[in-house]
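Please keep the sequence and the model in view while reading.

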Amino acid sequence: MANVNVKVIDREPQSLWEKSYIPEIIRGLAVTTGHFFRNLNPSKEKRTTFTRNYPEEPTIYPERYRGLHRLMLRDDGQVRCVACMCCSTICPADCIHIEAAEHDDPTIEKYPSVFVIDELRCIVCGLCVEACPCDAIRMDSGVHIPPYGERNEAFYDRDLLMSMGGRSQAVQGGKR
Amino acid sequence: MPKVTINGTEIEVEKGTTILRAAAQAGYEVPHFCYHPALSIPANCRMCLVEVEGSWKLQPSCYSQVSDGMVVNTKSERVIKAQKAVLEFILINHPVDCPICDQAGECKLQDYYMAYDAQESRLRTEKTAKVKVFPIGPEVLYDGERCILCTRCVRFCEEITGTNELTIIQRGDAAEIRPFPGRSLDNPYSVCTADICPVGALTSRDFRFKCRVWLLSSTDSVCTGCSNGCNIHLEHFRNEVQRYRPRFNPDVNDYWMCDAGRLTYKAIHTDRLTRPMSNGAELNWHGVSGTAADKLGRAIEDKGTFGFVVSPQASCEDLFLARRFAKEVLGTERIYVGGNPDGFEDDFLIKADKNPNTRGLQTIFGHEGELRDFGALIDDIESGAVTSLYMMETQIPVATEESARFVSALDKLDLFVLQAQHHGELSTKAHIALPACSHAETEGTFVNFDGIAQEFDRAFAPLGESLPHWQIFMRLARAMNHKLTYTFVHQIRKEMFEDSAATEEASQTPAE
């Protein structure tokens, strides 16, 4: 076995005051009660509470917040995704389902005929965005995953994801 | 035997060995595109250049033979520079459309770029546009931009199939592979060109966009298309077979397999019988074995009228238990042979006998008296000599009009038990239909036309509630109070080999 540096910590024995229990309980309750009355203060700034009245008071998300997925569009409004399966391969939660097909348009060889993300299964890690070679999937919608009444509502299909999408600045297919 | 030194490793190789092979024996990989062990050597890709001491120029290692005292360096600075230059040259007009290319993941250009090049493109002009998605044959598609003109496919058609469909047209950066005018790449082995293509220029139409290759799991298996028994990589993803790819075995199929055999995987997932049925009602195994035992028990009492159809589609182990079941449990002597009818045959790999295990069946039932012809069964049912029938698998080895006669004759039977993979006319007629699983879902042995016994492995769990044939026999035997107990296939295999000296003799030639 490797050498392990063990640091022995002396535990201070409880004093008689602490052992007598009641005074320490009163001290603890005093802290709690102090917080309680401080948070009844009508002025919001003087409160110390961290809870919010969501959704009436929405949180301001940081700029790189990963929200709901969206699928980006080509210049003619078609889906940018070429169904390379990089996102579904890297996805640790296995929540992306893609079926590739041949497009009628001869300039587009491969496109996703089915693209479904199970948003309930998604762990919001953002690896799909990292893996995408053509800037087709993003998580910059700024919307966080809403509560769902039914399981099916969490399956976001291609058209729904595209409706949140926009045009990308990147050149489709890369520079030739 | 000449002695050579490769990267400091001294090795003795046979006379006439190429440097590339000698390096492989010494444990050094030399990258190559155009060289294929089964084809002639054109040395046109220049990827395998190595430095030979004493020679002024770098030598193509796939072509140059070793001589005694040769000192070779495959990793010198000059070689690395040459490899980078060759890859950069190949990549000038390569579209780098890996995201939509089916070869991505098993592409040599991709692998070698990562291993030997890994530099940014210095190209500042536009790439040459060439033909995309060109239907070069009924099973194969060609992409001119991805092609690196290694001519493996051209040589395959010249040397292996001898059909000479392909050639290179144009020159320089306009060069492309094309079939000769009026021809198309339609020989029965055409998809092998997609296999040997080191890049994604030739791709299989069947596998197109179906699954990324890095998601596939591979299981060593044997093709069931004909009695040749080509060794295959059975590649599957999420309990579904995605494709067959030939597995090298010099005794059976070398590096190749036929297009028809490649497509036989489709049967594994079409019209599968997934639940036991009794008179059209779905049951569970417990229920159906009780019912079947009851019905079979009553049928056995009518001595001599029980027919049993064995199938050369099943493995040796399944057939061995089928024999024990027929003899010991049913006590029948009337054993008929099912299976597919004969079909197309050529002088290379495709055999007329379209069943993978005819030799195995003959060996197992060989010393048990005569196996009867399927035609005789139809007559026997019509004449009333057979009133109860137990049938393995749904394939019938007779012509269409004869099989129609068989299907209508089935109505005469008092009891018809079918144990098969597939739904269909027969399973709807069956009083009891038991779901069996395919060769992808169990393990076993097939004996090919040449007497070579070849094992195949299990790829994934049985679909639905289907069971391997041998387990079904065991279940029914148990329900009928007979002892027929095995836990593993290898126990059956051992007993089978001990039982049958002939099979043992056949297995002397081991499969790869």
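A:Cys125 sits in the loop between strand E3 (110-118) and helix H4 (127-131) of chain A, where helices (H or I, at least four residues) and strands (E, at least two) are DSSP runs numbered from the N terminus. The model is a predicted one, in which local features need pLDDT of at least 70 and side-chain atom pairs count only at pLDDT 80 or more, while totals for chains, interfaces and linings use all residues. Residues are numbered from 1 along each chain as its sequence is written, and chains are lettered from A and ligands numbered from 1 in the order in which they are written.

An unreviewed UniProt entry annotates A:Cys91, A:Cys122, A:Cys125 and A:Cys128 as "binding site"; such annotations, given in the numbering used here and with shortened feature names, may be inferred rather than shown by experiment. Although these residues are spread over 38 residues of sequence, they cluster in space, with a largest C-alpha distance of 10.4 Å. A:Cys128 is found in helix H4 of chain A.

| Residue | C-beta neighbours inside 10 Å | Class |
|---|---|---|
| A:Cys125 | 14 neighbours | partly exposed |
| A:Cys128 | 24 neighbours | buried |

Leaving aside neighbours within four places in sequence, A:Cys128 is in contact (C-beta atoms, placed from the backbone, within 7 Å) with A:Cys87, A:Ile90, A:Cys91, A:Ile96 and A:Ile137.

Chain A as a whole has five helices and five strands, following the pattern α-α-β-α-β-β-α-β-β-α along the sequence. Its radius of gyration is 27 Å, well over the 16 Å that the globule rule gives for 176 residues, so chain A is more spread out than a compact globule; the radius is taken over C-alpha atoms, and the rule is 2.2 Å times the number of residues to the power 0.38. Of the 176 residues of chain A, 20% count as buried.

In chain B, seven strands form an open sheet with mixed pairing, in the order E14-E13-E19-E18-E17-E15-E16; two strands pair if DSSP finds at least two bridges between them. Strands E14 (281-282) and E16 (334-337) of chain B stand at the edges, each with a single partner strand, so one side of each is left without a neighbour in the sheet. Strands E17 (residues 388-392) and E18 (residues 415-420) of chain B pair in the parallel sense over five bridges.

Methods. A residue is buried if 20 or more other C-beta atoms lie within 10 Å of its own, exposed if 12 or fewer, and partly exposed in between; C-beta atoms are placed from the backbone. Two residues are in contact if their C-beta atoms, placed from the backbone, lie within 7 Å.
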